[in-house]
Structure formats: structure tokens, C-alpha cells
Amino acid sequence: MSQTAKALIFKFFMTLIVAVLAFGIIGGNDFGWVLVVAILGTVIDYLAGDLLILPKVGSLIGAIINGGLAAVIAVMVAAVAPAFTTTTSSVLTFAVLVAVGEYFFHQYLLRVEEVEP
């Protein structure tokens, strides 16, 4: 298994745990919708945040942007799927925890040469 695949799997589980805390426990949503948010958050944050934004702005700003992007993804899912609900506290919890996790994830990405970016 490649280093990039391992990094993506780690990123997915990190995002899933944070989504369960924010939207499963705090928000009271079904696990299926939490899983959808985690998958979309992982894929979009990796493609936009890690591959495009991180190389241009660095780890700290990139992590903050990734947290904001994750929050926007959750709000968009709530907008198109009435079964998934968000609250201000669940979205803020998700954004902050994703940003913190992303900061450490970015440190790993920047340190390991075999992983994109």
C-alpha cells in the first residue's frame, strides 16, 4: 500500500471520528449521514485543501481553511438532505476539530516525501 493511500485512510478515520463527535453525538444524526459527511470531507479536503491550498499557504493557514471547508461541506449536506441536521455548535465543533487534526496531518504530509503534496 502506498504512503498516499495510508495517509488518506488515516485522514478519513480522523474526519470520521470528528464527524461522529460533532454530528452523531452533539447533532444526533444517523451514522449513515455522518459517514457521508466524513467521506465528502475527506475527499474534498484532500483534493482542494491538501493538494491545492497547502502548498500555497502553508500548514497553519491551510488547516484553518480545511476546517472552514469541512464546515461548509456539512452545511451543504444539511441543505440538500433534510434527514441530516446541523446546529451552530455541531458545525463549529466539526470545523475546529478538523482544523486541529489537519494541522498535524499537514505536518506529516510535509515531512514524508512519498506522500502528495
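Guide: Start with two residues: both Asp50 and Lys11 are buried. Buried means under 20% relative accessible area, exposed means over 50%, and partly exposed lies in between, with a 1.4 Å probe and protein chains only. This is a predicted model, in which local features need pLDDT of at least 70 and side-chain atom pairs count only at pLDDT 80 or more, while totals for chains, interfaces and linings use all residues. Residues are numbered from 1 along each chain as its sequence is written, and side-chain values use heavy atoms, with hydrogens and water left out.

Visitor: What does Asp50 form with Lys11?

Guide: A salt bridge is a side-chain nitrogen of Lys or Arg within 4 Å of a carboxyl oxygen of Asp or Glu. Here Lys11 and Asp50 form one, and their closest N and O atoms are 2.9 Å apart. The two partners come from distant parts of the chain: Lys11 is in helix α1 and Asp50 in helix α2 (residues 31-57), 39 residues apart.

Visitor: How many salt bridges does the structure hold?

Guide: There are 2. In the other, the side chains of Lys11 and Glu102 meet at 2.4 Å, N to O. Glu102 is in helix α4 and Lys11 in helix α1, so this pair ties together parts that are 91 residues apart in sequence. Glu102 is buried, as is Lys11. Together, Lys11, Asp50 and Glu102 are linked in a network of salt bridges.

Visitor: How many helices and strands are in the protein?

Guide: Helices (H or I, at least four residues) and strands (E, at least two) are DSSP runs, numbered from the N terminus. In this protein there are 4 helices and 0 strands. Read from the N terminus, the order is α-α-α-α.

Visitor: What is the radius of gyration of the protein?

Guide: The radius is taken over C-alpha atoms, and the globule rule is 2.2 Å times the number of residues to the power 0.38. For 117 residues, a compact globule would have a radius of gyration near 13 Å; the protein has 14 Å, which agrees. Along the principal axes, its C-alpha atoms fill a box of roughly 40 × 30 × 20 Å. Of the 117 residues, 42% are buried.

Visitor: How many aromatic pairs does a search of the whole structure find?

Guide: Rings of Phe, Tyr and Trp (its six-membered ring) pair if their centres lie within 6.5 Å; planes under 30 degrees apart count as stacked, over 60 as edge-to-face and the rest as tilted. The search finds 5 aromatic pairs. Phe10 and Phe105 are stacked because their ring planes are at 15°, with the centres 6.4 Å apart. This pair also links distant parts of the chain, with Phe10 in helix α1 (residues 3-26) and Phe105 in helix α4, 95 residues apart.

Visitor: Are Phe10 and Phe105 buried or exposed?

Guide: Phe10 counts as exposed, at 51% relative accessibility. Phe105 is buried, with a relative accessible area of 2%. Another pair, Tyr103 and Phe104, is edge-to-face, 5.4 Å centre to centre with 80° between the planes. Tyr103 is partly exposed at 32%, and Phe104 is exposed at 57%. Separately, Phe23, Phe84 and Phe94 form one aromatic cluster.

Visitor: Which residues make the nonpolar surface patch?

Guide: Patches are made of residues with over 30% relative accessible area and no salt bridge: like charges are joined within 9 Å, nonpolar side chains (Val, Leu, Ile, Met, Phe, Trp, Tyr) within 5 Å. The nonpolar patch here covers about 800 Å² and is made by Val57, Leu60, Ile61, Ile64, Ile65, Val96, Val100, Tyr103 and Phe104. Helices α3 (59-80) and α4 (88-111) are the elements that give two or more residues to this patch. Ile61, in helix α3, is partly exposed, with a relative accessible area of 42%.

Notes. Areas by Shrake-Rupley, 256 points an atom, 1.4 Å probe, with all protein chains shown as cover.
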